[in-house]
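Student: I have a model open and would like to go through it with you. Can we start with the strands and then move to charges and packing?

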Amino acid sequence: IAGEAVASGLVASLARPGGNVTGMTGFIPEVTAKRLELLMDAFPRTRQVAVLFNPGSPATILSLRAMEATAKSLKLELHQFGVKGAGDFDSAFAAMAKKRVDAVVNLDDGVLTAGSGVIASLAAKMRLPSVGLTEFAEAGGLMAYGADRREMFRRSAYFVDRILKGAKPADLPVEQPTRFETILNLKTAKALGFQFPQAVLARADRVIE
């Protein structure tokens, strides 16, 4: 599973991988832009948004471009904070405090996924609404929007089965997820004194209590 299989150079194209790699890839730029929309639906007074990202990720540039376009339409100002490892989280949030941001959005990346719990804790300490991928909400983050990663992992078995039966990865098109979910962490919301609008609650695929 890769965020941007083509942009990262893993495959030549989704339809024709061409090498010795195939699997699943996500709609990362579109998903991260959608997180801004979810944020605005839940907290319409938001104006200044921090974007937490790993500058070493191949999908970062595409994601930031998509977010900037969406932010413009929503009249939001984005502030970018790059982190290369867990040791950068504290300084990033300290910089956010100086910018007086209203909320924080996480991009999809292994560094941020591994640090989901720490990021959620820092956001809560600053009383910032936060949104990221599914693991982020499960680790204590306020909200999540993204592909159903469990379904993607299950689908991996299809590729394993085909390759073990003799298929070449180069001949197996890279697939994209078809199911996306919105997750709300009501436990975190209650602890922070936040209340989700009924319309946002109604469209949640999963709530954590």
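Tutor: What follows covers strand pairing, salt bridges and nonpolar cores, in that order. Keep in mind that this is a predicted model.

Student: Okay, strand β5. Is it mostly covered or exposed, and how many of its residues are buried?

Tutor: Strand β5 spans residues 143–147 and is mostly covered, with 5 of its 5 residues buried.

Student: In which sense do β4 and β5 pair?

Tutor: Parallel: strand β4, residues 130–132, pairs with β5 over 2 bridges. In that pairing, Val-131 stands opposite Met-143 in β5.

Student: And how many bridges join β5 to β6?

Tutor: There are 5 bridges between β5 and strand β6, residues 180–185, and these two strands run antiparallel. Ala-147 stands opposite Phe-180 in β6.

Student: Switching to charges. How many salt bridges does the structure hold?

Tutor: It holds 11 salt bridges. One of them is between the side chains of Glu-37 and Lys-34, at 3.5 Å from N to O.

Student: Where do Glu-37 and Lys-34 sit relative to each other?

Tutor: Both are in helix α1, residues 28–42, and because they are 3 residues apart there, about one helical turn separates them. Glu-37 is partly exposed at 32% relative accessibility, and Lys-34 is also partly exposed, with a relative accessible area of 41%.

Student: Which residue meets Arg-206 in a salt bridge?

Tutor: Glu-138 does; the side chains meet at 3.0 Å, N to O. Arg-206 lies in strand β7, residues 206–208, and Glu-138 in helix α6, residues 134–138, so the pair ties together parts that are 68 residues apart in sequence.

Student: What is the accessibility of Arg-206, and what is it for Glu-138?

Tutor: Arg-206 is at 24% relative accessibility, which counts as partly exposed. Glu-138 is at 42% and counts as partly exposed too.

Student: What about Glu-181, which residue does it form a salt bridge with?

Tutor: Its partner is Arg-150, with the closest N and O atoms 3.5 Å apart. This pair links distant parts of the chain, as Glu-181 is in strand β6 and Arg-150 in helix α7 (residues 149–164), 31 residues apart.

Student: Is Glu-181 buried or exposed?

Tutor: Glu-181 counts as buried because its relative accessibility is 3%, and the cut-off for buried is under 20%. Arg-150 is at 38%, which makes it partly exposed. Salt bridges with shared partners join Glu-138, Arg-150, Glu-181 and Arg-206 into one network.

Student: On to packing. Which residues touch the most other members of the largest nonpolar core?

Tutor: That core has 45 residues, and the ones touching the most other members are Leu-36, Leu-52, Phe-93, Met-96, Met-143 and Phe-196. Elements giving two or more residues to the core include α1, β1 (48–53), α3 (89–99) and β5.

Student: Which element gives the most?

Tutor: Helix α1 does, with 6 residues.

Student: Pick Leu-52. What is it in contact with, leaving aside neighbours within four places in sequence?

Tutor: Its contacts include Phe-81, Phe-93, Met-96, Val-104, Leu-112 and Ile-119. Asn-106 is also among them.

Student: Last one: which residues does the second core include?

Tutor: The second core is separate and has 5 residues, among them Met-24, Met-152, Phe-159 and Leu-172.

Methods
Residues numbered from 1 in each chain as written. Predicted model: local features only at pLDDT ≥ 70, side-chain atom pairs only at ≥ 80, totals over all residues. Heavy atoms only, no water. Buried < 20%, exposed > 50% of the residue type's maximum accessible area, 1.4 Å probe, protein only. Helix = DSSP H or I, 4+ residues; strand = E, 2+ residues; numbered from the N terminus. Pairing = 2+ DSSP bridges. Salt bridge = Lys/Arg side-chain N within 4 Å of Asp/Glu carboxyl O. Core = buried A, V, L, I, M, F, W, Y, C linked by side-chain atoms within 4.5 Å. Contact = heavy atoms within 4.5 Å.
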